[in-house]
Amino acid sequence: MATDLLRPGERLDDLLIGGLKIIQHTGLFRFSLDAVLLARFATVRKGAAAVDLGAGTGILGLLLAARGAKTVTGVELNPDLADMARRSISLNGLDDRLTVVCADVRSIRDGRLLAAGRWDLVVAN
């Protein structure tokens, strides 16, 4: 049951697209309209490999996947938000397409976190 994935203070929100749902905490960052607009504004080619810098609860990854991205890798510094994003990914059965790495985006520079030239789309909100 979906509510088994929730921890104290968390809620399950329906994204109203493709049956997707997202876990959010009432006392932490929650997505807003700007994330929805960015996901809609981004040009997502079918089968694209995307990166979401500052993934938060994973909203952009979920929406980009719904728009046809084959894979999305989220990078999130806050371990609590990264954990919620991972649980939302599992809840939606997208473990094979979406991943979230708990790391500082500044660690990307050396290429160990995200290999250069592998991505079709990079978003940051």
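Author: Let's start with a term: a polar contact is a pair of N or O atoms within 3.5 Å; within protein, one must be able to donate a hydrogen and the other to accept it, and residues adjacent in sequence count only if both atoms are side-chain atoms. The model is predicted, so local features need pLDDT of at least 70 and side-chain atom pairs count only at pLDDT 80 or more, while totals for chains, interfaces and linings use all residues. Residues are numbered from 1 along each chain as its sequence is written, and side-chain values use heavy atoms, with hydrogens and water left out.

Reader: What makes the pairing of the E10 side chain with the backbone nitrogen of R7 a polar contact?

Author: The E10 side chain reaches that R7 nitrogen at 2.8 Å. The limit is 3.5 Å, so the pair qualifies.

Reader: Why is E10 called buried?

Author: Buried means under 20% relative accessible area, exposed over 50%, and partly exposed in between (1.4 Å probe, protein chains only). E10 has 14%, so it counts as buried.

Reader: How do you know that E10 forms a salt bridge with R87?

Author: You need a side-chain nitrogen of Lys or Arg within 4 Å of a carboxyl oxygen of Asp or Glu. For E10 and R87 the closest N and O atoms are 2.7 Å apart, so the pair passes. This pair links distant parts of the chain, with E10 in strand β1 and R87 in helix α3, 77 residues apart. Helices (H or I, at least four residues) and strands (E, at least two) are DSSP runs, numbered from the N terminus.

Reader: Is R87 buried or exposed?

Author: R87 is buried, because its relative accessibility is 9%.

Reader: What makes D83 and R87 a salt bridge, and why are they about one helical turn apart?

Author: Their side chains meet at 2.9 Å, N to O, so they fall within the 4 Å limit. They are four residues apart in helix α3, which means about one helical turn. D83 is partly exposed because its value is 22%. Salt bridges that share partners join R7, E10, D83 and R87 into one network.

Reader: How many salt bridges are there in the whole structure?

Author: A search finds seven. Another of them joins R45 and D120, with the closest N and O atoms 3.3 Å apart. R45 lies in the loop between α1 and β3 (49–53) and D120 in the loop between β5 and β6 (121–124), so the pair ties together parts 75 residues apart in sequence.

Reader: Why is R45 called exposed but D120 partly exposed?

Author: R45 has 53% relative accessibility, so it counts as exposed. D120 has 40%, so it counts as partly exposed.

Reader: How does the span of α3 compare with what is expected?

Author: The expected span is 1.5 Å times one less than the number of residues. Helix α3 (residues 79–91) has 13 residues and reaches 18 Å from its first C-alpha to its last, close to the 18 Å expected.

Reader: What caps the N-terminal end of α3?

Author: N78 does, with a side-chain oxygen 2.7 Å from the backbone nitrogen of D80. After α3 comes G93, whose phi is positive, near 65 degrees.

Reader: Which elements do the buried residues of α3 pack against?

Author: They pack against β1 (10–14), β2 (21–25), α2 (59–66), β4 (71–76) and β5 (98–102); contact here means heavy atoms within 4.5 Å. Among those buried residues are L81, M84 and I89.
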